[in-house]
Amino acid sequence: MRLLAGLTMTAALAAGLLTAPPALAAQAAESFSADSGDSCRRGFTEGTLERYDGPVIRPAILVEGLVSDEALPTVCQPDGMHTRATFSGYRGAERVDTEAYKVDDEQSKFSFTLSDSTGVRTIDRVVVQVCRFSNTPIGISYCGKAQEYKIP
């Protein structure tokens, strides 16, 4: 009888572990987009931001998408510049983490996480900005409007 009760408790415990929530829980993904602010839409980025929380893995924002530089057909002439998309994660006014991706005359996909390296601070907003820079040492640069996304 004790053996049967022990086996029943073991089975119940195993079933409970199999149905336990994962250590890393994702929140709903939010779409983002930003561009270089020029009339030809020479540089842009778009994708999703997804928050992950967990007791084992530090809180993080998964950023997935693409960045593009003059990769789409346009009536505008090539301008000898490249595009850089910068993603900055903040907790209040303090920048927690930042990542940048550069492309020149192409589109490139990316996937990375923004998080506090110490695992202490969570990110409550992400700022995305697209800038274009000259491919030569002498030249101009300009940026589109920074887009801010609140992370619930």
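Student: Is Phe32 buried or exposed?
Tutor: Phe32 has a relative accessibility of 3%, so it counts as buried. Buried means under 20% relative accessible area, exposed over 50%, and partly exposed in between, with a 1.4 Å probe and protein chains only. Before we go on: this is a predicted model, where local features need pLDDT of at least 70, side-chain atom pairs count only at pLDDT 80 or more, and totals for chains, interfaces and linings use all residues. Residues are numbered from 1 along each chain as its sequence is written, and side-chain values use heavy atoms, with hydrogens and water left out.

Student: Got it. How many aromatic pairs are there?
Tutor: Rings of Phe, Tyr and Trp (its six-membered ring) pair if their centres lie within 6.5 Å; planes under 30 degrees apart are stacked, over 60 edge-to-face, and the rest tilted. That rule gives seven aromatic pairs.

Student: Why is the pair of Phe32 and Tyr149 edge-to-face?
Tutor: Their ring centres are 6.5 Å apart and the planes stand at 70°, so the pair is edge-to-face. Phe32 is in strand S2 (residues 30-35) and Tyr149 in strand S10 (residues 147-150), 117 residues apart, so the pair links distant parts of the chain. Strands here are DSSP runs (E, at least two residues), numbered from the N terminus.

Student: Which residues form the aromatic cluster?
Tutor: Phe32, Phe87, Tyr101, Phe110, Phe112 and Tyr149 form one cluster.

Student: And the nonpolar core, which residues touch the most other members?
Tutor: A nonpolar core is a set of buried Ala, Val, Leu, Ile, Met, Phe, Trp, Tyr and Cys residues joined through side-chain atoms within 4.5 Å. The largest has 19 residues, and Phe32, Leu49, Ile61, Val63, Phe87, Leu114 and Val126 touch the most other members. At least two residues of this core come from each of S2, S4 (60-69), S5 (81-91), S6 (94-103), S7 (107-114) and S8 (125-134).

Student: Switching topic: where is Asp69 found?
Tutor: Asp69 is in strand S4, and Asp69 is buried, at 0% relative accessible area.

Student: What does the side chain of Asp69 reach?
Tutor: The backbone nitrogen of Asp105, at 2.7 Å. That falls under polar contacts: N or O atoms within 3.5 Å, where within protein one must be able to donate a hydrogen and the other to accept it, and residues adjacent in sequence count only if both atoms are side-chain atoms.

Student: How far apart are Asp69 and Gln107?
Tutor: They are 38 residues apart in sequence and 6.3 Å apart in space, C-alpha to C-alpha.

Note on methods:
Helix = DSSP H or I, 4+ residues; strand = E, 2+ residues; numbered from the N terminus.
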